[in-house]
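Subject: Structure handover

Hello,

I am passing a structure on to you. Please open it first, then read my notes below.

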Amino acid sequence: MPPCPGRSACRAVGRTEESRDPRRTIPRALYLSVAIAAVLLVFFAYATITGFRYNVSSIGRSSVPFLTMADHYLGGAAVLAWIAGILSVLATLIAGADSQSRLLFDGGRTGLLPAKLGHVHSRSGTPVNALLFMTAAGLGIIGIWWVSHLVTGDTGSMDPVGLYAECSTMATIVILFVYFLTMLSLPVFMWRRHRASFSLLRHVVIPVLGSATLIVPFVELCQPGQPAPYNAFPFIALALVAAIAVIAWLVVRRHPHAGAGEGAEA
């Protein structure tokens, strides 16, 4: 593994093992969390559809069908459903910011990104630079989105709901590329770095099946004839992927050992 960019970063690397047996407990936690999420999704979807008496058009007209059903059947107690929903969104945002900052931190630590992103706070040990960058990037996205709507004159969707719809659609297209690239790289990585642990089922079959389920949403998101600005999102995504590919090639060419420590502890 390449040297850490500072003593504080080295101390943080030494604390990355946050469980006693990560090779056993982390896969179990992942499988269990996916199973719990699947069960809850089926349960809440069934409850919502039943509550609407299988009226698909009514479900489509509701902005948040589950909360609409809760308001109808629970009365004043529906506030609990609203609180649960708000806490769920906040938890998701915190988890997303934490995971992305860790990716930035790891990229800075291994040389794939600027080294300053790999530094941590001297007292708390948190990746403060990566977190600050995430905050700045989020505010930057809001600013660019606001200016783009002002320039184009399309100010009808300049509200939090419109921002969420457009950003989530754009991000979904990009993340589908990431999932596909991960599926391609996983078997190669495991075969080259951890051949003793390589499994045809876990590292080839399951990723291929998972990627196959992404074909339909990818086609739906990228199909022509969509209203603006959604019709431009596939082209923006392709431009981003091309730009990142060029940047990655330049980084690896200038620093051949960049990212060499990735997966060293897998």
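What share of the contacts in the protein chain with a separation of 6 or more comes from residues 24 or more positions apart? The figure is 50%. Keep in mind that this is a predicted model.

**Overall make-up**

The protein chain has ten helices and zero strands. Read from the N terminus, the order is α-α-α-α-α-α-α-α-α-α. The chain has 266 residues, and 20% of them count as buried. Its accessible surface is about 18,800 Å². Carbon and sulfur atoms hold 72% of that surface.

**The second largest pocket**

I looked at the second largest pocket. Its volume is about 420 Å³. The lining consists of 13 residues. Nearest the centre of the pocket lie Phe44, Val64, Phe66, Leu67 and Gly85.

Which helices supply at least two residues each to this lining? They are α2 (22-51), α4 (65-74) and α5 (79-110). Helix α5 gives the most, with six residues. By residue class, the lining holds eleven nonpolar and two polar residues. No charged residue takes part in the lining.

One joins the side chains of Asp98 and Arg102, at 3.4 Å from N to O. Both residues sit in helix α5. They are four residues apart, or about one turn of the helix. Asp98 is partly exposed, because its relative accessibility is 38%. Arg102 is partly exposed too, at a relative accessible area of 44%.

The other joins the side chains of Asp106 and Arg109. Here the N to O distance is 2.3 Å. Asp106 and Arg109 are three residues apart in helix α5, so about one helical turn separates them. Are Asp106 and Arg109 buried or exposed? Both are buried.

**Backbone points to check**

Most residues other than glycine have a negative phi, and most peptide bonds are trans.

Two of them are in the loop between α2 and α3 (56-61), where Arg53 is placed. Tyr54 is in the loop between α2 and α3 as well. Arg53 is not a glycine, yet its phi is positive, about 55°. Tyr54, also not a glycine, has a positive phi of about 60°.

The remaining place is the peptide bond between Ala228 and Pro229, which is cis. Its omega is about 0°. Pro229 belongs to the loop between α9 (215-222) and α10 (233-254).

**Around Leu214**

Where is Leu214 placed? It lies in the loop between α8 (200-212) and α9. With a relative accessibility of 23%, Leu214 counts as partly exposed.

Which residues does Leu214 contact, leaving aside its neighbours within four places in sequence? They are Leu176 and Tyr179. Phe177 is 37 residues from Leu214 in sequence. In space, the C-alpha atoms of Leu214 and Phe177 are 10.0 Å apart.

Tyr179 is part of helix α7, which covers residues 160-193. Tyr179 is partly exposed, because its relative accessible area is 44%. Between the C-alpha atoms of Tyr179 and Ser211 the distance is 7.3 Å. Along the chain, Tyr179 and Ser211 are 32 residues apart.

That is what I have for now.

Best wishes

Terms used. Residues numbered from 1 in each chain as written. Predicted model: local features only at pLDDT ≥ 70, side-chain atom pairs only at ≥ 80, totals over all residues. Heavy atoms only, no water. 1 Å grid on protein atoms, 1.4 Å probe; cavity = no way out; pocket = protein on both sides within 12 Å on 5 of 7 lines; lining within 4 Å. Points joined across faces, edges and corners; volume = space filled by probe spheres on them. Nonpolar A, V, L, I, M, F, W, Y, C, P; charged D, E, K, R; others polar. Buried < 20%, exposed > 50% of the residue type's maximum accessible area, 1.4 Å probe, protein only. Contact = heavy atoms within 4.5 Å. Areas by Shrake-Rupley, 256 points an atom, 1.4 Å probe, with all protein chains shown as cover. Salt bridge = Lys/Arg side-chain N within 4 Å of Asp/Glu carboxyl O.
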